[in-house]
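Please consult the sequence and the structure below while reading.

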Amino acid sequence: MPESAVDSPPETSPDASGHFGPYGGAYVPEILTPVLDELKAAYTTYKDDPDFQNELRTLLHEYAGRPTPLTYCNRLTEEIGGAHIYAKREDLCHTGAHKINNTLGQILLADRMGKERIIAETGAGQHGVATATVCAKFGIDCVVYMGAEDMERQRLNVERMELLGAEVRAATTGSQTLKEATNEAIRDWVSNPDDTFYIIGSVVGPHPYPMMVRNFHRIIGTETRSQLRDAVGRETPDAIAACVGGGSNAIGIFHPFLENHEVQLHGTEAAGGGLSGDHAATLAEGSPGVLHGAMSYLLQDDAGQVSLAHSLSAGLDYPGVGPEHAHLRDEGRVTYHPITDDEALEGVKLLSQTEGIIPALETAHAVALLPDLARSLAAEHGDDAVLVFNCSGRGDKDMETIAANL
Ligand SMILES: *Cc1c(COP(=O)(O)O)cnc(C)c1O
């Protein structure tokens, strides 16, 4: 099966108006409707354009470091005593996580559309860094909105973005975190709809973003299929696990397996200090509502005010989730598990000490699920059971938090 960089699956989902079941859509100020239409038209044209595909494929291979390896975790497998565990190594991508797959795709599209200015929102700064990186590579101006509170907490990423030539603007309203940074980015976009391209960092926002960002990350899953064929002689594992913030790394590895109903799909979301307190377990505890241009599950109070999310892991600390995950949850195709901060920290230790891979705190939420999942798969499918987890990013960025909490 050939691997395609901007792989375009049959577009039955979302529908033409961007809905995954009842979720998704485009709830935006009227001034953005023509801007989203222009984006949809451009994406539809370029995703099947051979020159665009070739250029993106080359960038993914020669710049981002794809294909990323599928690593057999022999010591982790032995330690747990269950299914054979494989790690899809997105931590080895340039800039240390999967995010570059999407920022490369979107900047190439922005470049083809003749846009002269890029804006982005960022929480912990990882998407901001991935955006600043591709803007430097393409020589396009870059403004990144970031909550003032997050700028304090993630000083190093602010310095990275500035070194890469981006301007970082502080969002100083409300909780001064990702939600407000996104509000500011949308405000900028409304004021500059003609020359500005908004690079959204996950499978969230108005249509066509959730579909487009998903398709830029599908390469994670398509590579996994062909690598599994070489490693274990079949393209489908018994289960896949991935962490879910907005949901981009998870949908990237899940999506090419959605039609293979024998493959269990497991997402892990951040339960913070536990579900009775502050957390970011949107799919477990949220209810449908509109945030940042789309309908999805949200953490909100009875009056519909969006709640503050909490997780030790900044990348999962968001009160919303991508609309396709909301639909997959309702359909029961994917099972979502809340994982606490403490369980994630155990996950960091487990992967570090058995495999010599220090995972990002986000990734550690997927690692934390592996012991129970690997054992139950072996009980169900026997000694040949295969479990893949998406190692979405490396933990260097989290060392201070990890050291302070372990
Ligand atoms: C940003 C980030 C996430 C969360 O984002 P998704 O869109 O849910 O993938 C997960 N892992 C890492 C390493 C990240 O940097």
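The sections that follow treat the ligand site and then each sheet in turn.

**Ligand site**

The structure is a predicted model. The ligand is surrounded by 17 residues, and the closest of them are Lys 99, Ser 202, Gly 245, Gly 247 and Ser 248. By residue class, the shell around the ligand consists of four nonpolar, eleven polar and two charged residues.

| Residue | Protein atom | Ligand atom | Distance |
|---|---|---|---|
| His 98 | polar side-chain atom | oxygen | 3.0 Å |
| Gly 245 | backbone N or O atom | oxygen | 2.7 Å |
| Ser 392 | polar side-chain atom | nitrogen | 2.8 Å |

On its own, the ligand has 380 Å² of accessible area, of which the protein covers 96%. Two or more residues of the shell come from each of two elements, helix H10 (248-254) and helix H14 (361-367).

**Six-stranded sheet**

Six strands form an open sheet with mixed pairing, in the order S3-S4-S14-S9-S10-S13. Strand S3 (70-72) and strand S13 (334-340) are the edge strands, and each of them pairs on one side only. On average, and with direction ignored, neighbouring strands of this sheet are turned by 25° against each other. Within the sheet, strand S9 (residues 239-243) and strand S10 (residues 264-272) run parallel and are joined by five bridges. Opposite Ala 241 stands His 266 in S10. Helix H15 (residues 370-381) packs on this sheet, where it touches strand S4 (84-88), S9, S10 and strand S14 (386-390). The direction of helix H15 makes about 155° with that of S14.

**Four-stranded sheet**

A further open sheet has four strands in the order S7-S6-S5-S8, with parallel pairing. Why is one side of strand S7 and of strand S8 left without a neighbour in the sheet? Strand S7 (167-171) and strand S8 (196-198) stand at the edges with a single partner strand each, so one side of each has no neighbour in the sheet. Neighbouring strands of this sheet are turned against each other by 25° on average, direction ignored. Strand S5 (residues 117-122) runs parallel to strand S6 (residues 141-147), and six bridges join the two. One of the residues involved is Arg 117, whose bridge partner in S6 is Asp 141. Helix H5 (residues 126-138) packs on the sheet and touches S5 and S6. The direction of helix H5 makes about 165° with that of S5.

How values were computed:
Residues numbered from 1 in each chain as written. Predicted model: local features only at pLDDT ≥ 70, side-chain atom pairs only at ≥ 80, totals over all residues. Heavy atoms only, no water. Near = heavy atom within 4 Å. Polar contact = N/O pair within 3.5 Å; in protein donor to acceptor, adjacent residues only side chain to side chain. Areas by Shrake-Rupley, 256 points an atom, 1.4 Å probe, with all protein chains shown as cover. Nonpolar A, V, L, I, M, F, W, Y, C, P; charged D, E, K, R; others polar. Pairing = 2+ DSSP bridges. Axes fitted to C-alpha atoms, helices over the stretch in contact; angles between N-to-C directions. Contact = heavy atoms within 4.5 Å.
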